[in-house]
Amino acid sequence: MHKQANAGDLTVTLENVANADSALLVGVHTKSADFSDDASRVTGQMQAAKAGKVTVHFKNLPAGRYAIALFHDANGNGKLDSNRLGIPVKGIGFSNNATGSFGPPAFAKAAFDVPADGTITQSIKLVY
Amino acid sequence: MITRRNLLSGMAAAGLMRGLPYAGPSAVAKAQDDWARLFKDALADNPLLLGWQGVGGAPLESGALDITGAWPKDLSGRFFRNGPAIHERFGQRSRHWFDADGMIQEFRIANGQVRHRGRVIDTPKRRQETAAGKKLFNGFGTHVSGGPAVRGPDALNTANISTLHHGDELMALWEAGSPTLIDADTLAAKGFKQLLPDLKGAPFTAHPKTDPDGTLWAFGYSALPRPILLLYHIGPRGEVKSEAAAKVDYTGLPHDFVVTAKHVVIILPPLVLDRDALQEPGAIFLDAHRWQPELGTRVLIADKNDLSKQRWAQLPPGFFFHHGNAWEEADGTIRLDLCWSKGPDLLFGALRNVMRGDITPAGNGAPHYASVMVPPGRDGVIEMSSDVMEFTKVAPNVVGQRHDHVYGLSAAAADTFPFNRLVKRNLASGATDIYGFGDHIIAEEHVFVPRPDQKAEDDGWLIGTHLDTQKAATNLAVFDAKAISDRPIATAALPYPLPLGFHGIFVADD
């Protein structure tokens, strides 16, 4: 793919992946840091899980402000399953390792800038 | 005594009541570092504050305590209490009485002698903070920034409200998460008890009710990420026999409940969590609640034989912590005791203010004995007395049955916080028998312990602690439940003060 003007690369390093079950679903958002917010998600990747560290690359993201919301889809159903209390039962993570109060963090807490040129890295620790 | 500071804090609490936004992050940050100093300065002027000073966390252990009077020889067993105890850690003071890590106090009573042990409840929350060397987690009324992600309520569980002995297990209870198992010999925390196999962190009330046959009834509520109210039927060995959910739009912080012979009754005050407000930087769980009296008070009545068979009734708006007992008339009318307040001022005001050294009036949160009647298929009626009452208890053998007496704490004036009187109330006549401990003493909950050969409902003792702020020491007192105003039969004096706590249980020796 040709390098676009005003676009940067994003490298996401996922740490603390519990096991190699199924996949990691990594979403890049522009309005919220909510996995389920399809309207906010501009791109996403599915990456095979492996215990420990997994790296995901996003190339040519238009410069701007983004947040990452991801989860370890260990049972491969593509959903962030929750228990009856409404608490997710899969490993989750957000850019800036932002934390929410019993829900996704506010976009502002998870937001970071992708530059017009070059690469930015986010290290995200999954929490199970 | 009204000082300018009292007045200001009262006004702040009144503002919250009107649903004004909570203080912004800058105001919170500014106020944050000086609560420890404010408390220390205030304690020098007001010895009553000793009850909220807190302890450092080292185990406490006494020898045989000095006893005044004659401790009843046939009262033998262990009296356990729990309550928030570590009010300051890493130089930071909790912003609400409810927020400190819990501590189990054990009074071992045998052969007319009493010994005390105290152990901090080392929850996962506390262990993580110990390892980090700083506070990490938000409390009920305390904001802590920069902590790790929280997955479910047990990450915040301080196990600091009450204790339960059931199915041969000793537990420390919080109310928004799992029970914490306690080793009955060492008093060490052994981790959470998972109540439901399919639901980690299922919330469990601090006030489960035991039927005379050993069946345990309980509920749990969770406000986040969505409001949930679960009802539990637990067998005598601790096994969950059935459970059901109630459909709720809000949970309203229900702290206690009652059972009749046939029904479970859970009462929700109109204190509604604004979940959006919690997303603001520096948000505090308590302050994200809005008092909405227009909703009234909601009463859930569920069938003990099938907890999914439920109905709702209404009561006027009010706030309450503790109930007493409930029973049913032949036509199905439910009658129950409630410590009723007109509003939640105590929760937002005095119980918070005391942590920075302000003893402020109970305001609209002054609790009064009230009797509630809910006729079958209809809304309820409440009759509030003029008598201050809280920390209500009844004899264990009348739980769910018609009862004649309720025991509790009281104060000289309706607006007074804390309590320094022990009260026995005769429900038929409204007559009260009162023992006043004195102005320099703060009384804590007293538990009814039946005599081994109990015949009459009040054939037993009331056992409980009080803090003597002149002697800077906690005492354990035992009263004859038939004659409270006669003064304690016996008192055991600790050589040290204990942090004021919440709830106790008596576990008789086998």
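Analyst: Two strands are said to pair if DSSP finds at least two bridges between them. Helices (H or I, at least four residues) and strands (E, at least two) are DSSP runs, numbered from the N terminus. The model is a predicted one, in which local features need pLDDT of at least 70, side-chain atom pairs count only at pLDDT 80 or more, and totals for chains, interfaces and linings use all residues. Residues are numbered from 1 along each chain as its sequence is written, and chains are lettered from A and ligands numbered from 1 in the order in which they are written.

User: How do you know that E8(B) and E9(B) pair, and what is the bridge partner of Thr163(B) in E9(B)?

Analyst: Strand E8 (residues 162-166) of chain B is joined to E9(B) by 5 bridges, and the two run antiparallel; the definition asks for at least two. Thr163(B) has Ala172(B) as its bridge partner in E9(B). The hairpin of E8(B) and E9(B) has 2 residues between the strands, and Gly167(B) there takes a positive phi near 60 degrees.

User: Which sense does the pairing of E9(B) with E10(B) have, and over how many bridges?

Analyst: E9(B) and strand E10 (residues 180-182) of chain B are antiparallel, with 3 bridges. Within E10(B), Ile182(B) is the bridge partner of Leu170(B). The hairpin that joins E9(B) to E10(B) runs through 6 residues.

User: Why is strand E9 of chain B called largely enclosed?

Analyst: A residue is buried if 20 or more other C-beta atoms lie within 10 Å of its own, exposed if 12 or fewer, and partly exposed in between, with C-beta atoms placed from the backbone. In strand E9 (residues 169-173) of chain B, 4 of the 5 residues are buried, so the rest of the structure largely encloses this strand.

User: What makes Thr123(B) buried or exposed?

Analyst: Thr123(B) has 25 C-beta neighbours inside 10 Å and therefore counts as buried. Thr123(B) lies in the loop between strand E7 (113-120) and helix H4 (124-132) of chain B. Leaving aside residues up to four places away in sequence, Thr123(B) touches Asp101(B), Asn157(B), Thr158(B), Ala159(B), Thr180(B) and Ala189(B), where contact requires C-beta atoms, placed from the backbone, within 7 Å.

User: How is Asp404(B) classed?

Analyst: Asp404(B) has 15 other C-beta atoms within 10 Å and is partly exposed. Its place is the loop between strand E26 (390-393) and strand E27 (405-410) of chain B. The C-alpha atoms of Asp404(B) and Asp458(B) are 8.7 Å apart, although the two residues are separated by 54 residues along the chain.

User: Why are the buried residues of H4(B) said to line one face of the helix?

Analyst: The buried residues in H4(B) are Lys125(B), Arg126(B) and Glu129(B). Seen down the axis of H4(B), they fall within an arc of 95 degrees, so they line one face; the arc is that of the directions from the helix axis to the C-beta atoms. These buried residues pack against strand E4 (88-89) and strand E6 (101-110) of chain B. The face turned away from the buried side carries the exposed residues Arg127(B) and Ala131(B).

User: Why do E12 and E15 of chain B count as edge strands?

Analyst: The open sheet of 4 strands in chain B has the order E12-E13-E14-E15, with antiparallel pairing. Strand E12 (209-210) and strand E15 (240-246) of chain B each have a single partner strand, so one side of each has no neighbour in the sheet. Strand E13 (residues 216-222) and strand E14 (residues 228-234) of chain B pair over 7 bridges in the antiparallel sense.

User: Which residues touch the most other members of the largest nonpolar core?

Analyst: A nonpolar core is a set of buried Ala, Val, Leu, Ile, Met, Phe, Trp, Tyr and Cys residues joined through C-beta atoms within 7 Å. Among the 141 residues of the largest one, those that touch the most other members include Leu173(B), Phe219(B) and Val264(B). E14(B) supplies the largest share of this core, 6 residues.

User: How many residues of chain B are in contact with chain A?

Analyst: In chain B, 15 residues are in contact with 11 residues of chain A. The predictor gives the complex an ipTM of 0.78 and a pTM of 0.90.

Key:
Two residues are in contact if their C-beta atoms, placed from the backbone, lie within 7 Å.
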